Amino acid sequence: MDQNCEDCRHLWRAYAAATSDYFSVDAQLQAAAGKDNFEAVALLIPRLEASEETKAAVRNALRQHEEETGYR
Ligand SMILES: [Zn+2]
């Protein structure tokens, strides 16, 4: 990444946040499943899916930005 590019820094921060959110929700989901807490599992599955979508969207934005700026 380009340390001097504000967009790169912003996108990488967003990607790191999305990734850490994804793993946090995933860990909560595993814990709930391990305790047979089906109510929590039912709540966490859509959150995990939403988190995965956010992560994918940020990754796409990063790739698009890198194509636009010629950085690889
Ligand atoms: Zn950039």
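A residue is buried if 20 or more other C-beta atoms lie within 10 Å of its own, exposed if 12 or fewer, and partly exposed in between, with C-beta atoms placed from the backbone. Keep that rule at hand for the tour.

The model is predicted: local features need pLDDT of at least 70, side-chain atom pairs count only at pLDDT 80 or more, and totals for chains, interfaces and linings use all residues. Residue numbers start from 1 along each chain, as its sequence is written.

**Stop 1: the start of the chain**

Select Asp2. Asp2 sits in the segment before α1. Helices here are DSSP runs (H or I, at least four residues; strands are E, at least two), numbered from the N terminus. Asp2 counts as partly exposed, because 13 C-beta neighbours lie inside 10 Å. Asp2 and Glu66 are 64 residues apart along the chain, yet their C-alpha atoms are separated by 9.5 Å.

**Stop 2: helix α1**

Select residues 6-34, which form helix α1. How far apart are the end C-alpha atoms of α1? They are 42 Å apart, which agrees with the 42 Å that 29 residues should span at 1.5 Å a residue. That expected span is 1.5 Å times one less than the number of residues.

**Stop 3: the loop**

Move on to Asp36. Asp36 lies in the loop between α1 and α2. Its phi is near 55 degrees, a positive value in a residue other than glycine. Most residues other than glycine have a negative phi. Is Asp36 buried or exposed? Asp36 is exposed, because 8 other C-beta atoms lie within 10 Å.

**Stop 4: helix α2**

Select residues 38-69 for helix α2. This helix has 32 residues. From first C-alpha to last, α2 reaches 46 Å, close to the 46 Å expected at 1.5 Å a residue. Which residues of α2 are buried? Pick out Leu44, Ser51 and Val58, which are buried in α2. What covers the buried residues of α2 includes α1. Contact means that the C-beta atoms of two residues, placed from the backbone, lie within 7 Å.

Stay on α2 and select Ala56, which lies in this helix. Ala56 is exposed, because 11 other C-beta atoms lie within 10 Å.

Arg59 is partly exposed, because 15 other C-beta atoms lie within 10 Å. Arg59 and Ala14 are 45 residues apart in sequence and 9.3 Å apart in space, C-alpha to C-alpha.

**Stop 5: the helix pair**

Show α1 and α2 together. Two packed helices are described by the angle between their axes and the distance between the axes. The axes of α1 and α2 come within 9 Å and cross at roughly 160 degrees. Therefore α1 is roughly antiparallel to α2. Axes are lines fitted to C-alpha atoms, for helices over the stretch in contact, with angles from 0 to 180 degrees between N-to-C directions. Angles over 145 degrees count as roughly antiparallel, under 35 as roughly parallel, 65 to 115 as roughly perpendicular and the rest as oblique.

**Stop 6: the end of α2**

Finish at Gly70, in the segment after α2. The phi of Gly70 is positive, near 80 degrees. Gly70 counts as exposed, because 6 C-beta neighbours lie inside 10 Å. Gly70 and Ser24 are 46 residues apart in sequence and 33 Å apart in space, C-alpha to C-alpha.
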